[in-house]
Amino acid sequence: MGTIIKASCTCGYKTEELYYGAGMADHGSVCKVPALRNGSSGLEMVNIKKKMFYPDYVFYNENILSGFPNNSRTIDFYPIKLHTEGNLCPACKDYTLSMADVGCFD
Ligand SMILES: [Zn+2]
């Protein structure tokens with residue numbers, strides 16, 4: 001089961017509902033994780049299991065986007081962990097982006 005998340009920042013940047021992880025049907029081959037493309041100002045959901053096809057993306061479970069150290073609660077989709085606070089905002093470039101767990105999907 002995947003988790004529906006929303007990202008928002010104090011600067012006003014926010015996303016729509018994002019489908020993190022995978023549903024039942026595609027669990028083996030898909031794990032969507034928020035990511036940023038080099039130079040992009042928008043967060044995108046990218047299948048981390050196909051990471052080799054996205055060399056110019058950095059994922060939010062990596063320290064460069066999640067900040068370090070970051071002791072906030074995590075939203076887990078094993079083995080991926082997303083921090084709920086202190087993530088890099090693609091709009092203002094501060095580590096002030098929050099991710100909230102708003103539901104789940106099959
Ligand atoms: Zn921001």
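**Salt bridges, surface patch and core**

At a relative accessibility of 24%, Glu-62 counts as partly exposed. The model in which this residue was examined is a predicted one. Glu-62 forms a salt bridge with Lys-51, and the closest N and O atoms of the two are 3.7 Å apart. This pair links distant parts of the chain, since Lys-51 lies in the loop between β4 and β5 while Glu-62 lies in the loop between β5 and α1 (63-66), 11 residues apart. Lys-51 is also partly exposed, with a relative accessible area of 40%.

Another of them joins the side chains of Arg-37 and Asp-56, with an N to O distance of 3.2 Å. Arg-37 belongs to strand β3 and Asp-56 to the loop between β4 (44-47) and β5, so the contact ties together parts that are 19 residues apart in sequence. Arg-37 has a relative accessible area of 41% and is partly exposed; Asp-56, at 26%, falls in the partly exposed class as well. The side chains of Lys-81 and Asp-76 also meet in a salt bridge, at 3.2 Å from N to O. Here Lys-81 is partly exposed at 46% relative accessibility, and Asp-76 is partly exposed at 40%.

The loop between β4 and β5 also holds Phe-53. With a relative accessible area of 59%, Phe-53 is exposed. Together with Met-52 and Tyr-54, Phe-53 makes a nonpolar surface patch of about 360 Å². Tyr-54, a member of this patch, is partly exposed, with a relative accessible area of 30%.

Three aromatic pairs were found in the structure. One of these consists of Tyr-54 and Tyr-57, arranged edge-to-face, with 5.5 Å between the ring centres and 85° between the planes.

In soluble globular proteins, nonpolar side chains tend to be buried together. The largest nonpolar core of the model has 28 residues, of which Tyr-20, Val-33, Leu-43, Tyr-60, Leu-97 and Met-99 touch the most other members. Two or more residues of this core come from each of β1 (2-9), β2 (18-20), β3 (32-37), β5 (57-59), β6 (74-77), β7 (80-83) and β8 (97-105).

Among these contributing strands, β1 is mostly covered, with six of its eight residues buried.

How values were computed:
Residues numbered from 1 in each chain as written. Predicted model: local features only at pLDDT ≥ 70, side-chain atom pairs only at ≥ 80, totals over all residues. Heavy atoms only, no water. Core = buried A, V, L, I, M, F, W, Y, C linked by side-chain atoms within 4.5 Å. Buried < 20%, exposed > 50% of the residue type's maximum accessible area, 1.4 Å probe, protein only. Helix = DSSP H or I, 4+ residues; strand = E, 2+ residues; numbered from the N terminus. Phe/Tyr/Trp six-rings, centres within 6.5 Å; stacked < 30°, edge-to-face > 60°. Salt bridge = Lys/Arg side-chain N within 4 Å of Asp/Glu carboxyl O. Patch = residues over 30% accessible without salt bridge, like charges linked within 9 Å, V, L, I, M, F, W, Y side chains within 5 Å. Areas by Shrake-Rupley, 256 points an atom, 1.4 Å probe, with all protein chains shown as cover.
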